[in-house]
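Reader: I am new to reading protein models. Could you take me through one, feature by feature?

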Amino acid sequence: MLLEGELDRASATLLQRRVADAVAERLPVVTIDASGLTFLDGAGIRSLLLCRRLVEEAGGRLAIVEPAPLIYAVLEMAHLLDMFDLPPRLALRADAGRRASRDRHGATERSRQLCEKAARLQRESRELCEQAMMQRSIIPGSGNLLPGMIRNHQNDQ
């Protein structure tokens, strides 16, 4: 599904409905094309997390593809890249460097290993942050309590 414009409090419910429709179709992967998004706030992040939970509870996976640079930056600051199958910026740069190197001189094993290590460290860091956030029941930047979000989402259904 393609998202365009702003993902905020006003549009969050529409996104959740569209994802619920995709879940009802039993799609194994629900893909959100975020190339057209121009704005993402705490309510939009909350909506994405609720959608992710909805898809995963149905046995699927939610992925965000092609996020606009601003959207990528917001998700990166919130430590949510891995949750939506987005590579860390370091891996994006390293991948671009590997492709250029491969084109000219062939890829080196050492740079591939370093990129994998960087990606692994990023995932581990995100997991630790996620565990700490869950213990505090807070999503960074949103100010919303996670248990309240879950209750509100369950009440919406």
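Reader: Let me start with one side chain. Which residues does Phe84 touch, not counting residues up to four places away in sequence?

Author: First, a caution: this is a predicted model. Now the general idea. In soluble globular proteins, nonpolar side chains tend to be buried together. Here, Phe84 touches Leu48, Leu49, Arg52, Leu62, Ala63, Ile64 and Leu75. Phe84 also belongs to the largest nonpolar core, which has 30 residues. Phe84 is among those with the most contacts inside that core, along with Leu15, Leu40, Leu48, Ile64, Leu75 and Leu80.

Reader: Which elements each supply at least two residues of this core?

Author: Strands S1, S2 and S3 do, and so do helices H1, H2 and H3. H2 gives the most, with 6 residues.

Reader: Let me step back. How many helices and strands are in the chain?

Author: The chain has 6 helices and 3 strands. Read from the N terminus, the order is β-α-β-α-β-α-α-α-α. The chain has 157 residues, and 37% of them count as buried.

Reader: Now the strands. In what order do they form the sheet?

Author: The order is S1-S2-S3, in an open sheet with parallel pairing. S1 and S3 stand at the edges, each with a single partner strand, so one side of each has no neighbour in the sheet. From one strand to the next, the twist averages 40 degrees.

Reader: How do I read the pairing of S2 with S3?

Author: Count the bridges and check the direction. S2, residues 29-40, and S3, residues 61-65, are joined by 5 bridges and run parallel. One case is Ile32, whose bridge partner in S3 is Ile64. Between these strands, the chain passes from S2 through helix H2, residues 42-57, to S3. That β-α-β crossover is right-handed.

Reader: Over how many bridges do S1 and S2 pair?

Author: They pair over 5 bridges, in the parallel sense. Glu4 stands opposite Gly36 in S2.

Reader: Where do side chains point along a strand?

Author: In a regular strand they alternate between the two faces of the sheet. Next, look at what packs on this sheet. H2 lies across S1, S2 and S3, running at about 140 degrees to S3. H3 packs on the sheet too, touching S2 and S3. The direction of H3 makes about 105 degrees with that of S2.

Reader: How do I find the faces of a helix?

Author: Start with the turn. An α-helix has 3.6 residues a turn, so residues three or four places apart point the same way. Now take H3, residues 69-77. The buried residues of H3 are Ile71, Tyr72, Val74 and Leu75. Seen down the axis of H3, they fall within an arc of 160 degrees, so they line one face of the helix.

Reader: Which exposed residues does the face of H3 turned away from its buried side carry?

Author: That face carries Pro69, Leu70 and Met77. Just after H3, look at His79, which takes a positive phi of about 60 degrees.

Reader: What is the relative accessible area of Arg123?

Author: The value is 38%, and Arg123 is partly exposed.

Notes:
Residues numbered from 1 in each chain as written. Predicted model: local features only at pLDDT ≥ 70, side-chain atom pairs only at ≥ 80, totals over all residues. Heavy atoms only, no water. Buried < 20%, exposed > 50% of the residue type's maximum accessible area, 1.4 Å probe, protein only. Helix = DSSP H or I, 4+ residues; strand = E, 2+ residues; numbered from the N terminus. Arc of directions from axis to C-beta. Pairing = 2+ DSSP bridges. Right-handed = clockwise from strand over helix to strand, strands pointing away. Core = buried A, V, L, I, M, F, W, Y, C linked by side-chain atoms within 4.5 Å. Contact = heavy atoms within 4.5 Å. Axes fitted to C-alpha atoms, helices over the stretch in contact; angles between N-to-C directions.
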